[in-house]
Amino acid sequence: MKTSTLRITAAAAAALLAVSFAALAYAKTITLPPDGAQLKPSDLPGYALARKDCVVCHSAEYMLYQPPTAPRAYWEAMVKRMRDVFKAPVPEGDIAPIVDYLVKTYGNEQAK
Ligand code: HEC
């Protein structure tokens, strides 16, 4: 009798576990923001450079949350701040193409 009680308890525990795993997986899925994790693809040369230099420490969500009215100078200051303050390894030659990509993809030079 003891054994059957145990068996039921084990089955209940297994079921509970399965439910909580499902809940966990579900919670994970719904907290992901839409299209947030990746940089927006582009034919601009700065796209590849930004993928190399700008998503090492954080996701591309950070670009998405900048104002779409942000001008070129804003993005240039942003890239330089990443390099100077946070020591982002951005080679000097990458800055101009990355800024060009950012302002045309997330800033005020987006194609309408
Ligand atoms: C070495 C790590 C590192 C790299 C590489 C890096 N960042 Fe950041 N970035 C940070 C940190 C840390 C923050 C958060 C700063 C804060 O909360 O004030 C941040 C925040 C941001 C933000 C949010 C706005 C803000 O002012 O905080 C943007 C936009 C951004 N980064 C863009 C870039 C771009 C573009 C590049 C590539 C040139 C880049 N990041 C590369 C570390 C990095």
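In helix α2, the buried residues are G46, Y47, L49 and A50. A residue is buried if 20 or more other C-beta atoms lie within 10 Å of its own, exposed if 12 or fewer, and partly exposed in between, with C-beta atoms placed from the backbone. Helices (H or I, at least four residues) and strands (E, at least two) are DSSP runs, numbered from the N terminus. The model is predicted: local features need pLDDT of at least 70 and side-chain atom pairs count only at pLDDT 80 or more, while totals for chains, interfaces and linings use all residues. Residues are numbered from 1 along each chain as its sequence is written.

The cover over the buried residues of α2 includes α5. Contact here means that the C-beta atoms of two residues, placed from the backbone, lie within 7 Å. From α2, the residues P45, G46, Y47, L49, A50 and D53 take part. They meet D94, P97, I98, D100, Y101 and L102 of α5. By class, this contact has eight nonpolar, one polar and three charged residues. Ala, Val, Leu, Ile, Met, Phe, Trp, Tyr, Cys and Pro count as nonpolar, Asp, Glu, Lys and Arg as charged, and the others, Gly among them, as polar.

Two packed helices are described by the angle between their axes and the distance between the axes. For α2 and α5, the angle is about 105° and the axes are 8 Å apart. Axes are lines fitted to C-alpha atoms, for helices over the stretch in contact, and angles run from 0 to 180 degrees between N-to-C directions. The two helices α2 and α5 are therefore roughly perpendicular to each other. Angles of 65 to 115 degrees count as roughly perpendicular, under 35 as roughly parallel, over 145 as roughly antiparallel and the rest as oblique.

The chain as a whole has five helices and zero strands. Its elements run α-α-α-α-α from the N terminus on. Of the 112 residues in the chain, 17% are buried. Among contacts between residues at least 6 apart in sequence, 73% join residues at least 24 apart.

The largest nonpolar core has 14 residues. Such a core is a set of buried Ala, Val, Leu, Ile, Met, Phe, Trp, Tyr and Cys residues joined through C-beta atoms within 7 Å. The residues with the most contacts inside this core are A50, W75, I98, V99, Y101 and L102. Two or more residues each come from α2 (45-53), α4 (72-86) and α5 (92-105). The most come from α5, with five residues. Leaving aside neighbours within four places in sequence, V99 is in contact with R72, W75, E76 and V79.

The ligand is surrounded by 17 residues. A residue is near a molecule or strand if its C-beta atom, placed from the backbone, lies within 6 Å of it. The closest to the ligand are C54, C57, Y62, M82 and A88. Helices α3 (61-64), α4 and α5 each supply at least two residues of the shell. The largest share, four residues, comes from α4. By class, the shell has 13 nonpolar, two polar and two charged residues.

The loop between α3 and α4 holds P67 and P68. P67 counts as exposed, with 10 C-beta neighbours inside 10 Å. P68 is exposed, with 9 other C-beta atoms within 10 Å. The C-alpha atoms of P67 and G107, 40 residues apart along the chain, are separated by 6.8 Å. P68 and N108 are 40 residues apart in sequence and 5.5 Å apart in space, C-alpha to C-alpha. Not counting residues up to four places away in sequence, P68 touches Y106, G107, N108 and Q110.

E109 lies in the segment after α5. It is partly exposed, with 14 other C-beta atoms within 10 Å. E109 touches R72, V103 and K104, not counting residues up to four places away in sequence. The C-alpha atoms of E109 and P71 are separated by 7.4 Å, at 38 residues apart along the chain.

Most residues other than glycine have a negative phi, and most peptide bonds are trans. K87 has a positive phi of about 60° although it is not a glycine. K87 sits in the loop between α4 and α5. K87 is exposed, with 9 other C-beta atoms within 10 Å. E92, in helix α5, also counts as exposed, with 7 C-beta neighbours inside 10 Å. The C-alpha atoms of E92 and K80, twelve residues apart along the chain, are separated by 9.6 Å.
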